[in-house]
Amino acid sequence: MINFRFITNIIGKLLFVESAFLILCIIVALIYGENDLMAFVYSAIITLGVGSLMTFTVKVKDRVLAKKDGYFIVTCTWIIFTIFGCLPYLFGGTIPSIVDAIFETMSGFTTTGSSVINNVEALPHATLFWRSLTQWMGGMGIIVLLLAIIPGLGIEGRDLFVAEVPGPTHDKFTATFKSTARRMWYLYISLTAAQAILLLLGNMDLFDAICHAFTTMATGGYSTKQASLAYWDSAYIQYVVIIFMFIAGTNFGLLYVMLHGKFRKLFHDEEFKLYLYITLGASAIIAIVLFLNGYANLELSIRESIFQVVTILTTTGFATADYLLWPPLTGAIIFALLFIGACAGSTSGGLKCIRLNLLFKNSFIEMKRIIHPNGIINVKYNGKSVHPNIMTGVMGFFILYMFIFAISSLIMSLFTQDIATACSAVISSMSNVGPGFGEIGPMDNFANLHDFAKIFLSILMMVGRLEIFTVLVLFSKTFWKK
């Protein structure tokens, strides 16, 4: 059976973490002296109070988590964090609708970046800071944060780590999953700080630089401006963001190994090479099309193409141009990129390059098996044979992903005016990208969608962020049996 007492205790500790981030926003509100101070005070008190009740009033006898407990606690944590995370919007009146507040918060924690706010600049600084913080927390993972900062939890954390971190494989690059989580967060914080400093050297002030560093490393895409990065119209800022979006889309395990001097391992990794090739190939095609169609000069065509490819491929969703006005071929490429995503073990969403790599390899090997039916031919990745269970999981994930996309697109078509909006809203939510096509293009938002559509897309955001199986396994009869 599910260890509800221990899970309640753990979620209570997580609410302490969320309340600590709310207190940071209280400090920001005090610095800027704006009217959203009490909204964060009330939110912090409620979150801290509920967390205390869950932590100190529930007696825990059995501090052991089974594999199914890991899936249950991860899903519950993301739902509970969203419920408490939307309180500042409701108390402050910045998003008075409960449905809109839930949508905005879920979009934040899942690093989707879809928004219902029509005038971002009108928000107080603390609220803008909270939007960025939700993405930064969700980028590396709420459970990974728990494993990294709370000692003496009584668990090794493998099942929690596997349930939350995206990708078909979950290798730890230190002795334990706890130490791996800690190293990942150290790297995450360091890269965030480095980007903030570089943005300061541009035209951004300290507040904007920190907020954009948060949402870039989380591949989230929330901006402090309604026009997103187009507001600054700075080539320097765009190039800095491109570099850090690309880094954020790289497997953090590989980045950690590279920083310890093993540079060759990065460029010998098949997933990273595919990620790099897709980025360069798609950028080159779009740049050529834009330049030949007289969109801009060569430098601007190259910069805009690289930026849009990287922001969509890494599922960040920043905007510098309206790609809906570009030639149809570029739109087709961008739509395809909505599905792909970057690397496993990064902060990006989507199918992930490693899955595409394995699926293509398996397809070609099937042709070899037809010719050599008695031969033993295995799929290899980085020179090593891939276990059949992993291949089964990859194929099962892909089929389920596409099935959910198809069914969800049909459902969304009931609440949108065109199929492009319906399909792109679904895949943008599942892949945690943000912008799409039609009514939800890069210069528009989700404010005009029906409330049911917003709740439905919020669920898809969570399902996509937790990679489908973590959520759907809870609806299995087998899951609830002893």
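Me: Where is aspartate 233 found?

Reply: Aspartate 233 sits in the loop between helix H10 (206-217) and helix H11 (235-248). Helices here are DSSP runs of H or I with at least four residues, strands are E runs of at least two, and both are numbered from the N terminus. One caution: this is a predicted model, where local features need pLDDT of at least 70, side-chain atom pairs count only at pLDDT 80 or more, and totals for chains, interfaces and linings use all residues. Residues are numbered from 1 along each chain as its sequence is written, and side-chain values use heavy atoms, with hydrogens and water left out.

Me: What makes the phi of aspartate 233 worth a remark?

Reply: Most residues other than glycine have a negative phi. Aspartate 233 is not a glycine, yet its phi is positive, about 50 degrees.

Me: Why is aspartate 233 called exposed?

Reply: Exposed means over 50% relative accessible area, buried under 20%, and partly exposed in between (1.4 Å probe, protein chains only). Aspartate 233 has 66%, so it is exposed.

Me: And glutamate 467, buried or exposed?

Reply: Buried, because its relative accessible area is 8%. Glutamate 467 has a positive phi too, about 60 degrees, and lies in the loop between helix H20 (451-465) and helix H21 (469-472).

Me: Why is H5 called oblique to H6?

Reply: H5 (residues 98-109) and H6 (residues 125-140) pack at about 45 degrees, with axes 6 Å apart. Angles under 35 degrees count as roughly parallel, over 145 as roughly antiparallel, 65 to 115 as roughly perpendicular, and the rest as oblique. So H5 is oblique to H6. By class, their contact (heavy atoms within 4.5 Å) has 3 nonpolar, 5 polar and 2 charged residues.

Me: What makes a set of residues a nonpolar core?

Reply: They are buried Ala, Val, Leu, Ile, Met, Phe, Trp, Tyr and Cys residues joined through side-chain atoms within 4.5 Å. The largest has 135 residues, of which Trp130, Leu337 and Met412 touch the most other members. Apart from this core lies another, of 10 residues, among them Leu358, Leu359, Ile365 and Val379.

Methods: Axes are lines fitted to C-alpha atoms, for helices over the stretch in contact, and angles run from 0 to 180 degrees between N-to-C directions. Ala, Val, Leu, Ile, Met, Phe, Trp, Tyr, Cys and Pro count as nonpolar, Asp, Glu, Lys and Arg as charged, and the others, Gly among them, as polar.
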